[in-house]
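Please keep the structure in view while reading.

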Amino acid sequence: MISIFIRTAWRLAMACLWLSLLVSPGCASGFQFPASSFQPPAARAFAAPVGHATAWLTPGPAPELWLAVRDEPPRLVLAGESEHFSTPIWSPDGSQVAVLAVSTGTETAALGRWWVADTAGDGAAHQASIPPEWIGPLPESRSSILAAPGGSGSSQSAICNPQSAIVPPPSIRVAHHPANSCRNLPDWAVTVIPFEEYVARVLPAEVYTSWPAATLQAQAIAVRTFAWRKVLLAPPDATYDISDWAVDQVMCDARYPATDAATAATAGRYLAYGGEIILAQYSAENGHPTLDGGLPYLKPVLDPVSLGRTRYGHGHGLSQWGAQRWASQRGWNATQILTHYYTGVQVVDPLGGNPSLSLLTAPRGPSSWLTGSTAYLTAHASFAPTATVTMTFAAPGFQSLGDFGSLSGLWSAEWPLPATLTRPVTITASAAILSPTGAPTQTITFTHALTLAGEDRSPPAIHRLTLPTSAPSLTITLHISATDAGASGLAGVAAGGDWQAVAADFIFLSGAGTLVADPDALGGHALALPADVASRWEATLPQSLATNQIYQAYVRVRTASNVPGTSEVPGTWGRVELYDPTSNELLGFADLRPGDFRQAGVYQEFPIDFWLSPQANGGVGIRLITADSLAQRIQSPISNLQSAIFFDRVQILHGPTSFGTDAPHRLEHRAGPQPVVVKVLDAAGNPSAEVSGTTQLVDTAPPGAWQLLAPTGWVTTTLRPTIRAFIADDLTGIAPSSAVARFTTDAGVSWSAWLPVSATTKLDGSAELVWDWPGGEGSGANRVQFQASDNVGLIATGPAWPVRVDVTPPAVTLAAPRWATAGRSFTVQWFGWDGVAGLATFDVQVSSSNVPGTFEVPGTSSEVWQDWLRETTATYGSYPAPASGVVRFRVRAHDLAGNTGAWSAPQAVMVTTALQFLPFALASP
């Protein structure tokens, strides 16, 4: 009996194993894999809706997107810098995932860029020019959801007065935005958070915790101010005060010692303008200058530490990377940073903590040298609003005591310093807080010192400039002899072509002014503008400049003979602005005050640094704006030239390089004689008078550096496919009318005639050649060839590039069993062939019905096809049969050229519920 039992049990076990193999998908199915045990540190997982893929996202201002497919370890597909990644959004089939990359900062969500990663790929994510089609509208405006149902909403442009709520709110209501990927909460769930804790949570999401303490403290005050204003603006029926996403400012849950310390060091402090809390906008990189935010404290600000940096964000208010540079490179504290980026604001300390004081000055030039007759000082103190404060400015041998401003916490002075101030000098601002009336007599004094290098009101001079009479290359060497009579010493060389706009080039727009003869003007005429009338004149630089380069413009102006260059005439007489004529983007500006001039009646040049980005077209516009008022007058001669400002010209050169007696200079891409204009600058920023020479650019080399830009692979159309090529000429550039091309279909045995093609030239001497190729037939014997000459007639012929053509899509067939048993897997096979490029991948689709016979007629309108396999290289798969009904399959193929074939004829599989049993016999006793 035991023997019979053992044999029976063994046979039953083998039968069960055989049945399980029939029912379960085999290893060939390729769909069942264990999940990977590895995950990126501090990352949050977002699983695909179908399939076995997971997106991992790490939070913070340096986010990372990782992608894991099946049992493979996650791979990094996208890394950010000073930005936030939104919650990943999967495509319905799980084959792609998208995130919105948004700059750090306030209200930057609308400026985001979409990035898409493919689960089938192994490279980095790619930027999408438009949102992927599966992404619906995202909630980016809080105006429709701020108030509770039936609420009235709120005006985001209102300015609130914090005097009714002089202390920070105890808490803030934070709504979880669906796009926030660093907090795992239901959409729009509202969390009530202590206000200072909220600031501590926002800081590490917006800035790097490794940045200097002064930068983190400045950011903490801006974060607190922005959120406080939101609380004060929220209507009574609002369900929350602020969201945790970049429609406001991003908040996560993580906290760190450095940002906690910055929050505690600035507890309660906020920014105010005219006694009212401000809209403290900030973003990652605001460039030089920052952009106009449309509010009196969000004016454009010159930011030399950010010169040449691409803006990332809206460009208004505090620049986060700029603040990092001011702290790390110049040693600025938080108040200096904030009052630099927010014009005319005060740092208010409603809690009456440790008082602080900061001092800024506005010297001309790149350093702390004084180049005019007046030092412009601004002191910013933070203390309890109820305190009584006196302010003193002092320097060795000089002291001034009194009320320097009408706003509590902000003082300014225009201080005439003696012309003999040639030594380093320390200017000290001292604030004394007096005890309130009735309290014991006590005075708290706190100071801040600012050391200036000294005074240098003497521009350098060039004694001799030597340059080659001819040059076979773009880069030449300038031999310069120069001296500096001032105290700062020679520091830079600026050189360029004859790029200038003179007084006669300017067009009247409004106000007053007239062109007058002036023997002191370099062109013999000057534009005389009244100092007390709002006037506006504009011109465009006649030349086009190379992009992605830093330049320095020199504005040559003088005051009238009876206008003193001292603080006796307060304020500014006007501004000179440089702008992009195409985009109207502000490139740089100079506010000119009477005290900036060394002496009245003498022309003086004021530098303006600017950068032409790679996206610019090379044009530069110039605006002259006088008298900051709203008066508009008709154009008329100036009756009293004694009150006028005289404008001579604006000259532009390449941004200065370090001074050397042998200085490299790069010529323009054009043959023939070229003027070379040179200035030297001292360490105070004073420019010398220019010296010029001429050199002859000699071009003896034909163009080169040929590249085939397109097609990079197979051509799949015969309808005049586009061929694009690149060619460069470093010296004189490509002549557009010289570009031609030809083709052959027999590997060069015979060629077509040379045919004209279009050419787009660039300022760097290169060109892109575009040709709608009339060929497109044939096989591997197709060739194309381009030819072009430079601007002196030297001809270059490009290589004979092969162009692979495949216009025939691949063909396929599919085989599936006629019958299948419910609950068991069955194998489907498919095959394909392609005569030219070769097969690449297959798509397999399936449709099913639990009503037998429904799909017996191919193409039934009610039939719904679903993807089973996409872009697979497999030629078979194991499919689990449903409980009953009909399953139909079809396949199509893609070849290596990108052609997609037609769907194959559907193959139907009838599923039955019949059970099959394995017979076995019991052994006889």
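## Helix packing and a buried threonine

In this predicted model, the crossing of helices H2 and H3 is right-handed. The axes of these two helices come within 9 Å and cross at roughly 125°, which makes H2 oblique to H3. Where they meet, residues of H2 including Phe 195, Tyr 198 and Val 202 are in contact with residues of H3, among them Leu 216, Val 223 and Trp 228.

The helices discussed here span the following residues.

| Helix | Residues |
|---|---|
| H2 | 195-206 |
| H3 | 213-233 |
| H4 | 257-265 |

Helix H4 has Thr 259, Ala 262 and Thr 263 as its buried residues, and, seen down the axis of H4, these fall within an arc of 100°, so they line one face of the helix. An α-helix has 3.6 residues a turn, so residues three or four places apart point the same way. The buried residues of H4 pack against both H2 and H3, whereas Pro 257 and Ala 264, on the other side of H4, are exposed.

Turning to strand E2, which covers residues 53-58, we find Thr 58 within it. Is Thr 58 buried or exposed? Because its relative accessibility is 7%, and buried means under 20%, Thr 58 counts as buried. A polar atom of the Thr 58 side chain lies 2.9 Å from the backbone nitrogen of Glu 64. Leaving aside neighbours within four places in sequence, Thr 58 is in contact with several residues, including Pro 40, Ala 43, Glu 64 and Trp 66.

Note on methods
Residues are numbered from 1 along each chain as its sequence is written. This is a predicted model: local features need pLDDT of at least 70, side-chain atom pairs count only at pLDDT 80 or more; totals for chains, interfaces and linings use all residues. Side-chain values use heavy atoms; hydrogens and water are left out. Helices (H or I, at least four residues) and strands (E, at least two) are DSSP runs, numbered from the N terminus. Buried means under 20% relative accessible area, exposed over 50%, partly exposed in between (1.4 Å probe, protein chains only). A polar contact is a pair of N or O atoms within 3.5 Å; within protein, one must be able to donate a hydrogen and the other to accept it, and residues adjacent in sequence count only if both atoms are side-chain atoms. Contact means heavy atoms within 4.5 Å. The arc is that of the directions from the helix axis to the C-beta atoms. Axes are lines fitted to C-alpha atoms, for helices over the stretch in contact, and angles run from 0 to 180 degrees between N-to-C directions. Angles under 35 degrees count as roughly parallel, over 145 as roughly antiparallel, 65 to 115 as roughly perpendicular and the rest as oblique. A crossing is left-handed if the near helix is turned anticlockwise from the far one by less than a right angle, and right-handed if clockwise.
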